[in-house]
Amino acid sequence: HIPLSTVGTKTTCPYCGVGCGVRASMQTDGKIVIAGDELHPANKGRLCVKGSALGETVDLDGRLLHPKLRDEHGNMHRVSWDTALDKVAGGLRSIIDQHGPDSVALYVSGQLLTEDYYIANKLMKGYIGSANIDTNSRLCMSSAVAGHKRAFGEDLVPICYEDLELADMVVLVGSNTAWCHPILFQRIAKAKENRPEMKLVVIDPRRTATCELSDMHLPVKPGTDVWLFNGLMSYLAHRGARDSAFVAAHTTGLGEALAIADADCADPHEVARICKVDVNDLLAFYESFANTEKVITAFSMGVNQSSAGTDKVNSIINCHLISGRIGKPGMGPFSITGQPNAMGGREVGGLANMLAAHMDLDNALHRDTVQTFWDSPRMADKPGLKAVDLFNAIEAGHIKAVWIMATNPMVSMPDANVVQRALSKCELVVASDIMEKTDTNAFAHILLPALGWGEKDGTVTNSERRISRQRTFLSAPGEARPDWQVICDVAKRMGYRGFDFAGPHAIFDEHARLSSYRNGPPQIAGHSHRLFNLDGLTGMSKQQFDELQPIQWPVTRSNSTDAAVTGTARLFGNHRYSHPDGKARFVATPPRGPAHLPDEEFPLTLNTGRVRDQWHTMTRTGKSARLADHVPESFVDMHPQDALRYGVREGGLARISSRWGAMVARVQHSGGIARGSVFVPIHWNSQTASDARVGALVNPVVDPISGEPEFKHTPVNIEEF
Ligand code: SF4
């Protein structure tokens, strides 16, 4: 690596959705110095241990530095970019010509920058003419997207981080915030230190590090969240906490939603029995929620990653709507996004059922708007396949070519052995990656070297809708190129116009212009209420883009000649929602349990998640010795009595198996797991140890609306290895 600047570059951490600002500089001895950006509103100078260790993860060890092509004997050979791009473009063209647009797919990632994501989506939906582009964000927050769209008419996160500090009660649901979003947790902890009366409630089957600060922990039985929140809604409705004026003026659908909640969940004793929590604790939580005006309910993967994930999200939002606790400082539902740019991907239509700029694929007017704006030859006219279905379609032979970017589905997908079978029989597998050897790349026919953090340039959007710059401070290693440029080069070789961009600033400008295209005139039905808008960020020069300060969308521009640009800290202050009637929707959420329940053969419930110091499949964090020190190898956390019952012992190896696959991990007792459950982290893979992919065990059932898999609830067996 050659440093491009020794004075320090402001950029954004590439890990979790908190999106912390980072200052990166290079010492004369080549050592990279990382510090928190004091002026970045997300973190105000703080960094967690992963962010602080970024400098230890950018070496070139293991990097993919040149395009490579697999020969007929299965060996990879270095080729020129021209050869590789011709092969990708020619391969896609030939398969599309023979089998149609839906025979090819892109599988992308919340690690992509918004500009990369935008171009990938444009190529697939507007030029190839298929919506078979999905993303690993499907595994992360698609239930939140679907819940937002049902309730608000658009994928909108109402609050900002500052609201967490203004709240009098923060409820964390299915979120080990202390480990997975550490800077947000530090902000909550600091606020609680300043105002000890501020309450923190954690709703999670596990007793995690997050509980150490909580006033109350409800160790809810896995999969019963909807019962708990329907019960809360019923309690709020009938115990004087209903905001009738707000409900009447700004919502619809209360009757049906409340009838469903009352039907099964009006009796807190019954809810406590189903959720397996102490009824007095449950009532104390309900009472606290009812009596506290400024409440935030923040939720993460424990809610989203479920076959009832979308209903879980809406059952939470229902409670905020019935009490009118939304659109004002210190209150509202809050989806904590997992990845650094899951939100940016949503903005550009990175999911198979969405279009760019928060427009809908199933809306003919929206399709026409985007196609007209792009001046593209065609437009996908139906939603594409979501992640699990996409790999199933590859295995079934319906999809014959897949281009995978910045993600490792062989490790991260549920029922990951399907991915292995799918990729082994797929006619053309292209992988754009920064690393050469990954479980997924072992099946690629063409490898394209991508730029990593510090090398690439563009924008990301964090969990509070804040757009921040990722900036370049290291030279491109070897022949690695930005993803957007590679996609544009392939598109041009396929004969498509519309892919000439001078750089990320030009792509961002097109993205920003599309966000406000036809957005204004109320006479165009279906366009008048969309809140996503980057109008204030259109027309930026390269220099203005380089200097862009973190800003929350919607971003508007004043009409005055000085064209002042304004971001938006929180939404719904005017209680105008994106449904055509401007009202928010209550959504009826009949409770239903997980798709697969434990039985005699598989008597325990597997829950998966992150550990504090690793990120995803460890391709970067795995390089740092001090990060590895925290948890050096994969483990299965379980209750000591279950260990005794199933004949495994702490420190020994155990084989964990499900109907879908098996793995080996070391047994530990953290003290935070209830009997009947086990927890295994998601990070380890075949590059770190054989049989270490927990994805191979996870059941592939998905939420019927969002398509998000049920990572938190797979029946498993455990035995001594
Ligand atoms: Fe990076 Fe998230 Fe840590 Fe912030 S909290 S430094 S974004 S990993």
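The ligand lies between domain 1 (9–57) and domain 3 (142–335), because both give residues to the shell around it. Domain bounds come from an automatic or database domain assignment. The model is predicted: local features need pLDDT of at least 70, side-chain atom pairs count only at pLDDT 80 or more, and totals for chains, interfaces and linings use all residues. Residues are numbered from 1 along each chain as its sequence is written.

The shell around the ligand holds 14 residues. A residue is near a molecule or strand if its C-beta atom, placed from the backbone, lies within 6 Å of it. Cys-13, Cys-16, Cys-20, Cys-48 and Gly-51 come nearest to the ligand. Helix H1 (49–52) and helix H7 (182–194) are the elements that give two or more residues to this shell. Helices (H or I, at least four residues) and strands (E, at least two) are DSSP runs, numbered from the N terminus. By class, the shell has nine nonpolar residues, four polar and one charged. Ala, Val, Leu, Ile, Met, Phe, Trp, Tyr, Cys and Pro count as nonpolar; Asp, Glu, Lys and Arg count as charged; the others, Gly among them, count as polar.

The chain is divided into four parts: domain 1 (9–57), domain 2 (68–138 + 342–512), domain 3 (142–335) and domain 4 (604–720). The C-alpha centres of domain 2 and domain 3 lie 35 Å apart. Eight residues of domain 2 are in contact with seven of domain 3 (C-beta atoms, placed from the backbone, within 7 Å). On the domain 2 side, one of these residues is nonpolar, three are polar and four are charged.

Helix H8 (residues 225–238) packs against helix H10 (residues 254–265) at an angle of about 110°, and their axes are 8 Å apart. Axes are lines fitted to C-alpha atoms, for helices over the stretch in contact, and angles run from 0 to 180 degrees between N-to-C directions. H8 and H10 are therefore roughly perpendicular to each other (65 to 115 degrees; under 35 is roughly parallel, over 145 roughly antiparallel, and the rest oblique). H8 contributes residues including Trp-227 and Met-233 to the contact, and H10 contributes residues including Leu-258 and Ile-260. This contact has seven nonpolar, three polar and two charged residues.

Two backbone details stand apart. The peptide bond from Trp-553 to Pro-554 is cis, with omega near 0°. Pro-554 sits in the loop between strand E19 (551–552) and strand E20 (556–557). Asp-415 has a positive phi, near 40°, although it is not glycine. Asp-415 is in the loop between helix H18 (409–412) and helix H19 (416–425).

Notes
Contact = placed C-beta atoms within 7 Å.
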